[in-house]
Amino acid sequence: MKRFFFPLRSVAVLRAHRQARAQEIFAAAVHAYVQAEEVQSRVVTQQRTLAELIATGRRATFSAADEISFWGAYRSACAEQVIAECAVIEARETMEKRRAEYLEAHRAVKVIEQLEQKARVDYRRASERTAQNELDELAGLYRARRIAATTRFS
């Protein structure tokens with residue numbers, strides 16, 4: 001019996017490469033998202049610290065010059081927070097898009113794998129059927145020889 005050959009092997013290889021590339025791109029997008037969240041966390045912590053510093057400074061003594069400089073720093077921290085939130089939202093959207101691309105590539109690979117498994121099952125059945133036919137033919141030949149041998153000597 002000839003060896004199993006899957007005619008879509010080259011397609012499977014290409015899809016596997018596409019899947020690996022999509023997985024790498026998705027991993028990079030996840031990494032960018034995590035970094036954006038870390039930056040946002042730092043900015044929020046910095047903003048809260050500054051707000052607490054302003055609140056504790058007001059309890060002691062009030063200085064207009066200090067208030068103005070703190071207020072400017074606080075507004076700057078708020079602006080950074082908005083920028084960081086936008087970056088997180090953008091990174092999340094990119095990550096979701098890359099996830100969808102990876103899942104599509106993964107499904108394409110799975111389809112080819114299922115086709116290959118089905119082709120292997122069909123090949124195995126055909127080879128077993130061929131082997132059984134050969135055994136049946138041999139058994140028929142042996143039976144015919146035996147009958148011929150007993151009828152010759154009787």
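**Notebook: a look through a predicted model**

Q81 first: I find this residue in helix α2. I'm working from a predicted model, so I keep that in mind throughout. Is Q81 buried or exposed? Its relative accessible area is 17%, and the cut-off for buried is under 20%, so Q81 is buried. Next I looked up who touches Q81, skipping neighbours within four places in sequence. The contacts are V43, V44 and Q47.

**Entry: the nonpolar core**

I went looking for the largest nonpolar core and got 10 residues. They are A22, F26, A29, Y33, A36, V88, A91, M95, Y102 and A105. Which elements give two or more residues to this core? Those are α1, running 9–60, and α2, running 64–153. A general point for my notes: nonpolar side chains tend to be buried together in soluble globular proteins.

M95 is in contact with F26, A29, V30 and Y33.

**Entry: aromatic pairs**

How many aromatic pairs does the structure hold? I get 3. One of them is F26 with Y102, and this pair is stacked, with 6.1 Å centre to centre and 5° between the planes. The pair links distant parts of the chain, since F26 is in helix α1 and Y102 is in helix α2, 76 residues apart. F26 has 15% relative accessibility, so it counts as buried. Y102 is buried as well, at 17%.

**Entry: V11 and A108**

V11 sits in helix α1. With a relative accessible area of 28%, V11 is partly exposed. I then took the C-alpha to C-alpha distance from V11 to A108: 9.9 Å in space, although the two are 97 residues apart in sequence.

**Entry: cysteines**

I searched the whole structure for disulfides and came back with 0. For a disulfide, the two sulfur atoms would have to be within 2.5 Å. I noted the exposure of both residues too: C78 counts as partly exposed at 23% relative accessibility, and C86 is partly exposed at 47%.

**Entry: salt bridges**

The whole-structure search gave 6 salt bridges. I wrote down three.

- R99 pairs with E96, and the closest N and O atoms are 3.3 Å apart. Both lie in helix α2, 3 residues apart, which is about one turn of the helix. R99 is partly exposed at 31%, and E96 is partly exposed at 38%.
- E113 and K110 meet through their side chains at 3.3 Å, N to O. They are 3 residues apart in helix α2, so about one helical turn separates them. E113 counts as partly exposed at 35%, and K110 does too, at 38%.
- R120 bridges to E116, with the closest N and O atoms 3.3 Å apart. These two are 4 residues apart in helix α2, so they are separated by about one helical turn.

Which end of that last pair is buried, and which is partly exposed? E116 is buried, at 13%, whereas R120 is partly exposed, at 37%.

Conventions
Residues are numbered from 1 along each chain as its sequence is written. This is a predicted model: local features need pLDDT of at least 70, side-chain atom pairs count only at pLDDT 80 or more; totals for chains, interfaces and linings use all residues. Side-chain values use heavy atoms; hydrogens and water are left out. A nonpolar core is a set of buried Ala, Val, Leu, Ile, Met, Phe, Trp, Tyr and Cys residues joined through side-chain atoms within 4.5 Å. Buried means under 20% relative accessible area, exposed over 50%, partly exposed in between (1.4 Å probe, protein chains only). Contact means heavy atoms within 4.5 Å. Rings of Phe, Tyr and Trp (its six-membered ring) pair if their centres lie within 6.5 Å; planes under 30 degrees apart count as stacked, over 60 as edge-to-face and the rest as tilted. A salt bridge is a side-chain nitrogen of Lys or Arg within 4 Å of a carboxyl oxygen of Asp or Glu.
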